[in-house]
Amino acid sequence: MMTTILFPSGPVFAEQSALRLSLNTVLHQQGTIDGAWWPRTRDAGTELPALISAVDQRLGRAVLRVGLHVDAWDHIPRRIQAPGRQVRVAWFRSADPHLITLSFAGTSPVSLLVIPPRTAAGLAIAALTRAVADTFGVRPADLLRAAAPEESSPAQDGSASWENEGGRVTEPAPERPAIRRLRPVTH
């Protein structure tokens, strides 16, 4: 199986022009995701045009619709301008917050794991790679959890961790002081 990861090798992630996307060359396998995407922000209006363009070019067909979880994104437009068309954007609460779905004419949709924007580079690259491996029966949240040392701890770069079901970046809970239990006094 051939895998395509579209981002520069090495520590060149600061370059804004590079799209961080991996696509499995064998698409539409039931029960699996088709790749992963690591956007730089949670602003759908800013991030989706580059994703749509890259997927159009990579797959040789036009994305017609994007589906995403409403709580996982900020600024979700109804449509995205693309060459020769407008791509409809639909948002749902019932969808998996860790997925984005791209629909095409006459073929099955492509499902991508969305890696939270503030994920540490090493963890995100591991998730990009893992998402195009054999993912049959693996939930998207499990792929993200496997990349992170602990769900409740800050990422290695000091950023906040990703909430499992809501798709929001959350700060780690403050540590509570230990509670000492007192034994009853007996005489």
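Q: How do you know that the charged end of Arg 61 sits over the ring of Phe 104?
A: In this predicted model, the charged end of Arg 61 is 4.8 Å from the centre of the Phe 104 ring and sits over that ring, a term that requires NZ of Lys or CZ of Arg within 6 Å of the ring centre and within 35 degrees of the ring normal. Residues are numbered from 1 along each chain, and side-chain values use heavy atoms, without hydrogens and water. Local features need pLDDT of at least 70 and side-chain atom pairs 80 or more, whereas totals for chains, interfaces and linings use all residues.

Q: Why does buried Arg 20 have no salt bridge?
A: A salt bridge needs a side-chain nitrogen of Lys or Arg within 4 Å of a carboxyl oxygen of Asp or Glu, whereas Glu 47, the nearest side chain of opposite charge, is 6.5 Å from Arg 20.

Q: What lies around the side chain of Arg 20?
A: The backbone oxygen of Pro 39 lies 3.2 Å from a polar atom of the Arg 20 side chain, while the charged end of Arg 20 sits over the ring of Trp 38, 3.5 Å from its centre.

Q: What makes the rings of Trp 37 and Trp 73 a stacked pair?
A: Their centres are 5.6 Å apart and their planes at 20 degrees, to be set against limits of 6.5 Å for pairing and under 30 degrees for stacking, so the pair is stacked. Trp 37 lies in strand S3 and Trp 73 in the loop between strand S4 and strand S5, 36 residues apart, and both are buried.

Notes
Buried means under 20% relative accessible area, exposed over 50%, partly exposed in between (1.4 Å probe, protein chains only). Lys and Arg count as positive and Asp and Glu as negative; His and the chain ends are not counted. A polar contact is a pair of N or O atoms within 3.5 Å; within protein, one must be able to donate a hydrogen and the other to accept it, and residues adjacent in sequence count only if both atoms are side-chain atoms. Rings of Phe, Tyr and Trp (its six-membered ring) pair if their centres lie within 6.5 Å; planes under 30 degrees apart count as stacked, over 60 as edge-to-face and the rest as tilted. Helices (H or I, at least four residues) and strands (E, at least two) are DSSP runs, numbered from the N terminus.
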